[in-house]
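Here's a quick walk through one protein model, written for someone who likes to know the cut-offs behind the words. Have a look at the structure first.

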Amino acid sequence: MEKQELIEIFRENFPFWDRMSEHDRETFVRSSQHVNFRKGASLSASIIDRIDVGTSVTVIEPPCGSNTAVLRSGGKILCIDSGYACYRQETLALLRKLIPDFDTLPKRLLLTHADVDHCGMMNEFDEVVLS
């Protein structure tokens, strides 16, 4: 999405836009372009896998910095944080690829805190706990 198009969208949808400093507006636009550019097939998340007897730990590190740790043990899944909602489809596709029975396993989510980059997929879990 082009910069001017984003600015018009922000101006129409955020009443505080014109009161923001030029620096803050520029940061907002660049961050939005960064996230938008990396959606869909452009998402290139790093995957770190550690497997121990009966337990595996996978860390998903998308380019935007919202890591999700996935612990699998005893037929259950515990995720620590769940990333941005705007990456919901990409993260779910990745989880389903990494854990073929992801949709059928009991899933818990532990949120380290309730920032937007940590709680974007809360409704995908059977239980959510806030630390």
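Let's start with Thr58, which counts as buried because its relative accessibility is 3%; buried means under 20% relative accessible area, exposed means over 50%, and partly exposed is in between, with a 1.4 Å probe and protein chains only. Before going on, note that this is a predicted model, where local features need pLDDT of at least 70 and side-chain atom pairs count only at pLDDT 80 or more, while totals for chains, interfaces and linings use all residues. Numbering runs from 1 along each chain as its sequence is written, and side-chain values use heavy atoms, with hydrogens and water left out.

Thr58 belongs to strand β2, residues 55-61. (Strands are DSSP runs of E with at least two residues, helices are runs of H or I with at least four, and both are numbered from the N terminus.) The side chain of Thr58 makes a 3.3 Å polar contact with that of Arg72. A polar contact here is a pair of N or O atoms within 3.5 Å; within protein, one must be able to donate a hydrogen and the other to accept it, and residues adjacent in sequence count only if both atoms are side-chain atoms.

Which residues of β2 sit on its covered face, and which on the uncovered one? Ser56, Thr58 and Ile60 are on the covered face, while Thr55, Val57, Val59 and Glu61 are on the uncovered one. The partner strand is β3 (residues 68-73), antiparallel to β2 and joined to it by six bridges; two strands pair if DSSP finds at least two bridges between them. Across that pairing, Val59 stands opposite Ala69 in β3. The two strands make a hairpin with six residues between them, and Gly65 in the turn has a positive phi of about 90°.

Most residues other than glycine have a negative phi. Asp81 isn't a glycine, yet its phi is positive, about 70°. You'll find Asp81 in the loop between β4 (76-80) and α3 (88-98), and its relative accessibility of 5% is why it counts as buried.

Beyond its neighbours within four places in sequence, Asp81 is in contact (heavy atoms within 4.5 Å) with residues including Asn67, Thr68, Leu109, Leu111 and His113.

Nonpolar side chains tend to be buried together in soluble globular proteins. A nonpolar core here is a set of buried Ala, Val, Leu, Ile, Met, Phe, Trp, Tyr and Cys residues joined through side-chain atoms within 4.5 Å. The largest one has 14 residues, and those touching the most other members are Val70, Ile77, Cys79, Leu95, Ile99 and Phe102. At least two residues each come from β4, α3 and β5 (107-111), with α3 giving the most, three residues. Apart from this core lies another, of six residues, including Leu6, Ile7, Phe10 and Met20.

## Salt bridges

How many salt bridges does a search of the whole structure find? The search finds six, where a salt bridge is a side-chain nitrogen of Lys or Arg within 4 Å of a carboxyl oxygen of Asp or Glu. One of them pairs Lys3 with Glu26 at 2.8 Å, N to O. Lys3 is in helix α1 and Glu26 in helix α2, so this pair ties together parts 23 residues apart in sequence. Lys3 counts as partly exposed at 36% relative accessibility, and so does Glu26 at 23%.

Then there's a network of salt bridges linking Glu8, Arg11 and Asp18. Arg11 meets Glu8 at 3.6 Å, N to O; both lie in helix α1, three residues apart, about one turn of the helix. Arg11 also bridges to Asp18, with the closest N and O atoms 3.2 Å apart. Asp18 is found in the loop between α1 (3-13) and α2 (22-37), and counts as exposed because its relative accessibility is 51%. Arg11 is partly exposed at 37%, as is Glu8 at 32%. Neighbours within four places aside, Asp18 is in contact with Arg11 and Arg25.
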